[in-house]
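Hi there,

Here is the structure I promised to pass on. Please have a look, and my notes follow just below.

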Amino acid sequence: MRITWLSRVKVGSVLAQSILDERGRVLLASGIELSDSLIRRLQSRGIRSVYIVDPLCDDVRPDEVVSETTRRTLIEVAYNNLTLLSRDMRTSSAFRQRGLGQEVRKVVNRLLGEIGAHRGMAVPLSAVYDYDAELYHHSVNVTILSIAIGVKLGLTSRQLSDLGVSALLHDVGKLMIPSSVLHKPGKLTSSEYELVKTHTTHGFQMLSGRLDIPSYAAVVAYEHHERLNGEGYPRGIREEQHLYSRIVAVSDVYEALTANRVYRTGYLPHHALEFILGGSAVGFDTTVVDSFIKCVALYPVGTTVRLQSGETGVVVASYPEQPQRPVIRILRDSQGCDLTESYEMDLRENLLAEIIECEF
Ligand SMILES: [Fe+2]
């Protein structure tokens, strides 16, 4: 299978990986043949890329650190709990839903088990989701990445569990921001930006003082946009952030940069990495960034990439020690013509080859 832009998918292509909606339900199941109307329906939901079956990459299977069932449960739990928390915020405390944290903790612990069982394998993030589902999929990706970083940092299982719960709920305050501002397809005005920033304080209010949710969750919701150099918000504090907030800060920025958003297409993974490395000296915790580099799959297997030479291919292997230099199966030459026989290029050995576009 390979991942490709929806705009380039030919009618009759077969979906190789299910597409999930904001509640983790299957929107379109794998194995379905994409008709013209299905492609248009996906486009209208803001989906830009899909995994399709390709006989030239039949043997290519994305690394599955997290199973689809667990990912689906995570999205469903994120949806249910974020919605209930925002409802609680709007109603009297007497009607507060109780026991929310238990469900979150249960699914986070399941995730811990799966990530633990795949130690040493880089974590690929799911990038196939639509605008309505953005908050929930983003939260799930940030959780997966944060736990993977936590594992590398040697946190205990209790700490990883607290970190995971906090990461899943870190952006809950966004539900208090009007969707028209959050999903505005252009530059925000300064007052709109100020409004978006308040999701941190809203999140803190929604999560603090609840006995069913660990107190770290409120702290992370409040601090995940703070930076060590004091240039973050809401308070602009320096070097006082909790470790969990520092971890979520890195995962959050990386996920947000690489995902396709309503206002722009995602960064190339290695550009996002450079952004984080550039910021690590001043804004991010260097120890966290070091662990992050060792656990994220910059170019997940199945990603279609274009090289500076014009050749196009699919990532068939990537190595945690050199995530920016994967092995590519070249399928099209520099003129865009399909090759009669594909071949593999190991970017660790071809140092002059450079990835310039990524269908991610
Ligand atoms: Fe945020």
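Let me begin at a buried spot: His224 has a relative accessible area of 0%, so it counts as buried. Asp171 is buried too, with a relative accessible area of 1%. Please keep in mind that this is a predicted model.

Both residues belong to the metal site. The iron ion is coordinated by Asp171 through OD and by His199, His224 and His225 through NE2, at 2.2 to 2.3 Å. Along the chain, these donors follow the spacing D-x27-H-x24-H-H. Asp171 sits in the loop between helix H5 (157-168) and helix H6 (179-182), while His224 sits in the loop between helix H9 (215-223) and helix H10 (243-258), so the pair ties together parts that are 53 residues apart in sequence.

What is the arrangement of the 4 donor atoms around the iron ion? It is irregular, because the angles they subtend run from 84 to 171°.

Now to the second largest pocket, which has a volume of about 440 Å³. Its lining is made up of 19 residues, and Arg2, Lys10, Ile52, Asp54 and Arg332 lie nearest its centre. Strand E1 (2-5), strand E6 (312-317) and strand E7 (327-332) are the elements that each give two or more residues to this lining. The largest share, 3 residues, comes from E6. By type, the lining residues divide into 7 charged, 7 nonpolar and 5 polar. Domain 1 (1-61) and domain 3 (303-360) both contribute to the lining, so the second largest pocket lies between them.

Happy to go through any of this with you.

Best wishes

Note on methods: Residues are numbered from 1 along each chain as its sequence is written. This is a predicted model: local features need pLDDT of at least 70, side-chain atom pairs count only at pLDDT 80 or more; totals for chains, interfaces and linings use all residues. Side-chain values use heavy atoms; hydrogens and water are left out. On a 1 Å grid over the protein atoms alone, a cavity is a set of points where a 1.4 Å probe fits but cannot get out, and a pocket is an open set with protein on both sides within 12 Å along at least five of seven lines; lining residues have an atom within 4 Å of a point. Grid points are joined across faces, edges and corners, and a volume is the space filled by probe spheres set on the points. Helices (H or I, at least four residues) and strands (E, at least two) are DSSP runs, numbered from the N terminus. Ala, Val, Leu, Ile, Met, Phe, Trp, Tyr, Cys and Pro count as nonpolar, Asp, Glu, Lys and Arg as charged, and the others, Gly among them, as polar. Domain bounds come from an automatic or database domain assignment. Donors are N, O and S atoms within 2.8 Å of the metal (3.2 Å for Na, K and Ca); water is not among the atoms, so sites may look incomplete. Four donors count as tetrahedral if all angles lie between 85 and 135 degrees; four count as square planar and six as octahedral if opposite donors are over 155 degrees apart and all others between 65 and 115; anything else is irregular. Buried means under 20% relative accessible area, exposed over 50%, partly exposed in between (1.4 Å probe, protein chains only).
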